[in-house]
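Please go through the structure below, starting with its aromatic residues. The report then turns to charges, cores and strands.

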Amino acid sequence: MIADDIEAVQQALADAELDGWLFCVFQQNDPVSLELLGLIGEHLVTRRCYYLVPAHGEPRKLVHRLEPAMLDALPGSTSAYLTWREHRAQFHELVSSCNTLACQYSPDNQLPTVSRLDAGTADLLRACGVELASSAELIQQFAAVWDDDQLASHQRASTALHEIVLAAFDRVADTLRTGASINEYQIQSFILESFERRGLHSEGHPIVGVNEHSADPHFATQAEGSSPIQQGDFLLIDLWAKELHPRSIYGDITWCAVCAASPAERHQEIFDIVARARDAAFQLVDSRYPSHDIRGYEVDNAARGIIESEGYGASYIHRTGHSIGISDHGQGANMDDLETHDERRLRAMTGFSIEPGIYLPGEFGVRSEIDVVLLADRAEISGGEAQQRLLTLLA
């Protein structure tokens, strides 16, 4: 919550030569502001409210008279409005001393996770003579960085996920050896039951994809139409979860296996390329951190270059990785030069996935996903080693 970091925020604003950071909240419009202002959960923001942290001086709040206590947990003076005319006048007063304000804004919507400010409020700010600046790097510093307890929660979650995914593959192998039947949905249910037993929570269900389903990066495993898992099949499992307390941090991994004593040549070829791409991305981070800056797009390019050099660039249809936080997709830099050109610098005490993939529609897809944590002095793969070989479930 930003209330604990006002002095640090003001120092960051001064360093960036910005007059302030403006948070604009209405309903669920801006997850960044909701998180940093402590409005996630029971708070129902039905009227527009604003919080301005200036580079110097006391923070200022503007709230609606129907919800006068909305920002009471935050320091600063409070003004209130009721009518639209009062809103316009009070808003102008709120920002009148600022020439340049950081907002949840990304020029040309280059970073969608940052670009939450609506066009109408942007118009209103410009009409008040305010120049908009992106809060992208501020968000990294104050919403993406973990504390020691959060780091520990991530490490525990990631370790548990490695154990659960191997247990899921064992469940498939044991079933196939007996000649009984099993399908994608049953393995998904096994994973979800494992989450519950271990006190883990997930904002989405794990992906269990066999053969052509593994070629869909966002395949939705469901009871109806779930494919059987049979001998000779290729199987991908992607699972993500965190501990139950609100500030805990997600883990997120993907492993692959073949339901056979040895992989088909085609399966092995594609897995080896993806694993090399994953390792190239991590090696870039590991070789340059912490002595040199690393940008998100550079990590993407390191992995993408390997896959493109093998002729599968067109089959690599998603970014290399995403920030990880209290939501599985966090508020920090993504490893991305495909969907966006993410120039944000990777920061200490943040985490992200590296998950290159090759997806061959109608055949199968390989993704190998690790979680990387940037400690003060080194980069570390969390929870266990990266998958080094394609698992063979009937060996």
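Is Trp-21 buried or exposed? Trp-21 counts as buried, because its relative accessibility is 0%. The model is a predicted one, and every value here is computed from it.

**Aromatic rings**

A pair of aromatic rings is described by the distance of the centres and the angle of the planes. The count for this structure comes to four aromatic pairs. In one of them, Trp-21 and Phe-23 have ring centres 4.6 Å apart and planes at 35°, so this pair is tilted. Phe-23 is buried too, with a relative accessible area of 0%.

Trp-21 also pairs with Phe-142. Here the centres are 6.2 Å apart and the planes stand at 50°, so this pair is tilted as well. A stacked pair would need planes under 30 degrees apart, and an edge-to-face pair would need them over 60. Ring pairs join Trp-21, Phe-23 and Phe-142 into a cluster.

A charge also meets a ring. Arg-304 lies over the face of Tyr-316, at 3.9 Å from the ring centre.

**Salt bridges**

Side chains of opposite charge can pair when their charged atoms come close. The whole structure holds 18 salt bridges. The table gives some of them.

| Salt bridge | Closest N to O distance |
|---|---|
| Arg-177 and Asp-174 | 3.2 Å |
| Asp-279 and Arg-278 | 3.0 Å |

Take the pair of Arg-177 and Asp-174. Both residues belong to helix H6 (residues 148–178). They are separated by about one helical turn, because they are three residues apart in this helix. Asp-174 counts as partly exposed, at 46% relative accessibility.

Asp-279 is partly exposed at 25% relative accessibility, whereas Arg-278 is buried with a relative accessible area of 1%.

Arg-288 is partly exposed, with a relative accessible area of 23%. Elsewhere, salt bridges that share partners join Asp-238, Glu-355 and Arg-367 into one network.

**Nonpolar cores**

Which residues touch the most other members of the largest nonpolar core? They are Val-285, Val-299 and Leu-346, in a core of 47 residues. Among the elements that give two or more residues to this core are strand E9 (234–243), strand E10 (251–258), H8, H9 and E15. H8 gives the largest share, ten residues.

Leu-346 shows how the contacts run. Leaving aside residues up to four places away in sequence, Leu-346 touches Val-285, Ile-294, Gly-296, Val-299, Ala-333, Met-335, Phe-352 and Leu-374. A second, separate core has 32 residues, including Ile-2, Cys-49, Val-114 and Leu-138.

**Strands and sheets**

Four strands form an open sheet in the order E11-E12-E15-E16, with antiparallel pairing. Strand E15 (residues 370–374) runs antiparallel to E16, and three bridges join the two. Val-372 stands opposite Ile-381 in E16.

E13 and E14 also run antiparallel, joined by four bridges. Ile-358 stands opposite Val-366 in E14. The hairpin of E13 and E14 has three residues between the strands, and Gly-362 takes a positive phi near 85° in this hairpin.

In a regular strand the side chains alternate between the two faces of the sheet. On E14, Phe-364 and Val-366 point one way, while Gly-365 and Arg-367 point the other way. All four of these residues are buried. Arg-367 is also a member of the salt-bridge network with Asp-238 and Glu-355.

Key. Residues numbered from 1 in each chain as written. Predicted model: local features only at pLDDT ≥ 70, side-chain atom pairs only at ≥ 80, totals over all residues. Heavy atoms only, no water. Phe/Tyr/Trp six-rings, centres within 6.5 Å; stacked < 30°, edge-to-face > 60°. Buried < 20%, exposed > 50% of the residue type's maximum accessible area, 1.4 Å probe, protein only. Lys NZ or Arg CZ within 6 Å of the ring centre and 35° of its normal. Pairing = 2+ DSSP bridges. Salt bridge = Lys/Arg side-chain N within 4 Å of Asp/Glu carboxyl O. Core = buried A, V, L, I, M, F, W, Y, C linked by side-chain atoms within 4.5 Å. Contact = heavy atoms within 4.5 Å.
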